[in-house]
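Good morning, colleagues. Please look at the sequence and the structure on the screen while I go through the points I have selected.

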Amino acid sequence: MSDNSNNPQLNQLVSFIQHDIPGLEDGKYQLNVSQQVTDAKGHIVSDDSLSVSYRFAVTGDRFRLSKPTELVYSVFPAENASGEYNTVLPNVVFTKTTFPWSRYPTKTLNEEFDNAPPSPGQDTDVDMSTWLTVILLDEDDVANYAGQYPSFKLTPADAAIGDLFLSSANPQSTLGTNYSYFYGVTDQSKPLSTYLDPGDQLTDTIQILDIPLELFFKIAPTINDLSLMAHVRKVSLINKPTMPGISDVGEPEGSFSIVFGNRLPNPMKKTYAYLVSLEEMEDFLPTSEDGGAPDNQDGFTPDISKLLRLAVLKSWNFYSTGESATFVDQLNALNNAAPPVNHETNADLAANTNLRLTCPEAAIPIVKAALGMGYVPLNHNLRAAEYTSGVFTIDRTVSWYRGPLAPYQIDKAAINLPIPSPDKATIFDPTTGMLDVSYAAAWTLGRQMALQDTSFSTALYNWKKGVSQDVLDSVENSVLSESFSAVFASIPAQSASLKLKTGETTQGDTLAADVHVRRPLQQKPPAGSFLRNAILSLKQPKN
Amino acid sequence: MLSRTLVQQKLSALYANPAALSQQVEDTVSCPDNITAWLGRLKLLYGVPINYLVPDEAMLPPESIRFFYLDSNWVDALVDGAYSIGRNLTTNEDTVSLALDKATMPIMKDGTSGASASIRAAALGVESPVVSFATISGFMLRSSLVQDYPGMGVNPYPLGGTPLDPTPNLLTILRMERLGPDSDTLICLVEGDMYRVDIHEAPEALHYGLDSFETAGDAITSEKTIYTFTKSGSPGDASVTMDLANPKHLDLAANNCFRATNDKRTVKMQTLANLIAQNQVVPLPAIDSSEMGFEMVEGVGMVSFYNKKS
């Protein structure tokens, strides 16, 4: 056995990157431009400064994911998976690298704070806190708080963005006096839409989780924890499946961002995982690493008896059991293999690792052989039909079919191309009296698929027509050059091209129309064109 | 002296002589890219319904992997079917359209093979491989793994070119993708005779894991094995080398990495990060989120499957 552990071709490379901070985080912006003209000494020589301002917004997912299937690449543990997950921190992988940093858990952007985001367009080497986290809950948590908070449920509830406002600000809201993202908005002095991102409506449907603050304080990460709970990974896509929008965009490397939770799943329980937004929720995050109610510097102390309403961007659940169910375990269990598994030697697996039907032992040898070769007997409606007492009955039989994926290597060319009709590709097996329609089915399928795509079938037809015309042209030209070789020889090369030009212009539209559909051929003698008009009345021979 | 007959005679003589016709066509004609691109996709079975590929579900039951070889006759018939547009469906093989199709076939096949080889290469932005199409093998994987681990890696090797051999040789993947957006079936077509395929976890989706975690009453026992690393390069463009020979076992419980009073299952990320930093060969003041990332992930799991051809 040779040691190939340092072979670069066989090693996977993955780059871990701290973060990917967007040039501008999501939100509303105003751009002010002003101009003053000064002379060489610095005196203002213009009138009042000219200024203009533009407003724009950077939009991005805030309380829900607009395209969850495109954005969320994978979750771990997988949805509805069951296995030994009590030592893993659940994660969500995103296809968009900037997503975990497109918003911030801190309240104000330019605070004197370690993890404050950089100015727009700047990067930083400091760890940035992500606004996303994965919260894990299970029925034990509900049992602990159910008496006090009957509305605390594990299943995320449907709600509207308006439900994130206090009822004093939005009478329609179901929040009451509990906390949510807009806990600072207590009245209607400003229209509620000013607090929303452009494009978001109060009535937009979102999913929410009402969690007792007491529980939230115990399990929520601190701002500093959040800075360690997301990063970017850059990997090679060379040996991965092509995935639309991810690994089919012409780049051999792909980048993903990943967000982790901080809580281990409860063993032997069904665990609910929620990807939640912590945007500007700084005041509700524990200030001590040991958890517990925050000791906020600005004096805001949340009422611990209330609920906190969080927007759930994605939720899933899994079972944490005692049985190991890793990627490797699942792969080893393929093909009903019983551990311990060695896919090279396990004789049980050998019977069915290639694409074919397994054959009962009692089958007759012919059937056994056919199934072993990957054939499948299928019902076959024949073209012929019988007409008895006013009713057509289609003739039926059973024929062999095998798809393009054969269980063994087929080296021999078995068909003559081109195939004039599917009947020509149907094979009759005299030993069984059955037909093999595999290639006939393939041919018919190809024809149907081509007909279905009109842009292809039209292009193909036109091209073939052109080819046939080219052949005809060349035959005409060869006839001309043979018959008039003496004439061509007598015309000096220089004057021949002149004559060709005059000939075309004087002949008018009919000739021009005829000329443009014909492709110039290399063999075409240039001087032949004016003579060719003589036989233009010869139409294309019908075959 | 000039008559239609002369042209007709010449024309039928040309059509009666396939070699001359082929020569004539090959000298003057090229197959347009849009046609070869379409046929190139067909050649790799893009768009072919699953029931044509796997006519009986029992051939590919749930949670199974199956090897196969591509039957080039089948694919030729499929491509010829598509190429037959504009050809009369006839039992008579001596027609002009059939003769022309026969003459243009080598040109079409050339272009189609090139287009086939470049589909995956173009998607990944790499140079197109040279593909002979003499032997195409592959596998189909039907499993919930396909949905749960969308980026799983696949390394196909020929007999004598596996990582256990002196000269490992990765075969070229011509097509590998799920059969639909939510499909649990992956198809992989490989140039050459695949003997072994290694399927491994996607590094981008590796999770943070501890070695163990148990609680008994108030007591927690938990361990994590880490590999120390040394950094090199400039701060903006650092690379690290992990010392895989000397794993370090960290006792997380003794180092107070959990919220003992509030929630035992909640990890104190800062404390854990500092613990990892202190346990480097030269203790570091702190580690950042990316260093935390590679220290916390569990190794890539991989399983090898063998095409036993029987």
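Cys31(B) is buried, with a relative accessible area of 11%; here buried means under 20% relative accessible area, exposed over 50%, and partly exposed in between, with a 1.4 Å probe and protein chains only. Cys188(B) also counts as buried, at 0% relative accessibility.

A word on conventions. This is a predicted model, in which local features need pLDDT of at least 70 and side-chain atom pairs count only at pLDDT 80 or more, while totals for chains, interfaces and linings use all residues. Residues are numbered from 1 along each chain as its sequence is written, chains are lettered from A and ligands numbered from 1 in the order in which they are written, and side-chain values use heavy atoms, with hydrogens and water left out.

Let me stay with burial. Met281(A) is found in the loop between β13 (269-277) and β14 (307-320) of chain A; helices (H or I, at least four residues) and strands (E, at least two) are DSSP runs numbered from the N terminus. Met281(A) is buried, at 0% relative accessibility. Its C-alpha atom is separated by 7.0 Å from that of Lys107(A), 174 residues apart along the chain.

In chain B, helix α9 (residues 289-296) is mostly covered, with 8 of its 8 residues buried. Among them are Glu291(B) and Glu295(B), together with Met292(B), Phe294(B) and Met296(B). Strand β12 (residues 263-267) of chain B is mostly covered as well, with 4 of its 5 residues buried. This strand pairs with β11 (residues 258-259) of chain B in the antiparallel sense over 2 bridges, where pairing requires that DSSP finds at least two bridges between the strands. Phe258(B) has Val267(B) in β12(B) as its bridge partner, and 3 residues lie between β11(B) and β12(B) in the hairpin that they form.

Which strands make up the open sheet of 3 strands in chain B? Its order is β8-β9-β10, with antiparallel pairing. The edge strands, each pairing on one side only, are β8 and β10 (239-251) of chain B. From one strand to the next the twist averages 25°; axes are lines fitted to C-alpha atoms, for helices over the stretch in contact, and angles run from 0 to 180 degrees between N-to-C directions.

Within this sheet, β8 (residues 212-216) and β9 (residues 219-232) of chain B run antiparallel and are joined by 5 bridges, with Ser212(B) opposite Glu223(B). The two strands form a hairpin with 2 residues between them, and Gly217(B) in the turn has a positive phi of about 65°. On to the next pair: β9(B) and β10(B) are antiparallel over 9 bridges, and Thr225(B) has His249(B) as its bridge partner in β10(B).

Chain A has an open sheet of 5 strands in the order β1-β11-β12-β7-β4, again with antiparallel pairing. Its edge strands are β1 (14-17) and β4 of chain A. Strands β11 (residues 230-236) and β12 (residues 253-260) of chain A are joined by 7 bridges, and Lys234(A) has Ser255(A) in β12(A) as its bridge partner.

The structure holds 6 cavities of 30 Å³ or more. On a 1 Å grid over the protein atoms alone, a cavity is a set of points where a 1.4 Å probe fits but cannot get out, and a pocket is an open set with protein on both sides within 12 Å along at least five of seven lines; lining residues have an atom within 4 Å of a point. The largest cavity holds about 80 Å³, a volume being the space filled by probe spheres set on grid points joined across faces, edges and corners. Its lining includes Leu417(A), Lys43(B), Asp76(B) and Met105(B). The elements giving two or more residues to that lining are α5 (72-83) and α6 (96-124) of chain B.

The second largest pocket holds about 1,100 Å³. Of its 32 lining residues, Thr69(A), Tyr73(A), Arg178(B), Pro181(B) and Asp182(B) lie nearest its centre. The largest share of the lining, 4 residues, comes from β4(A).
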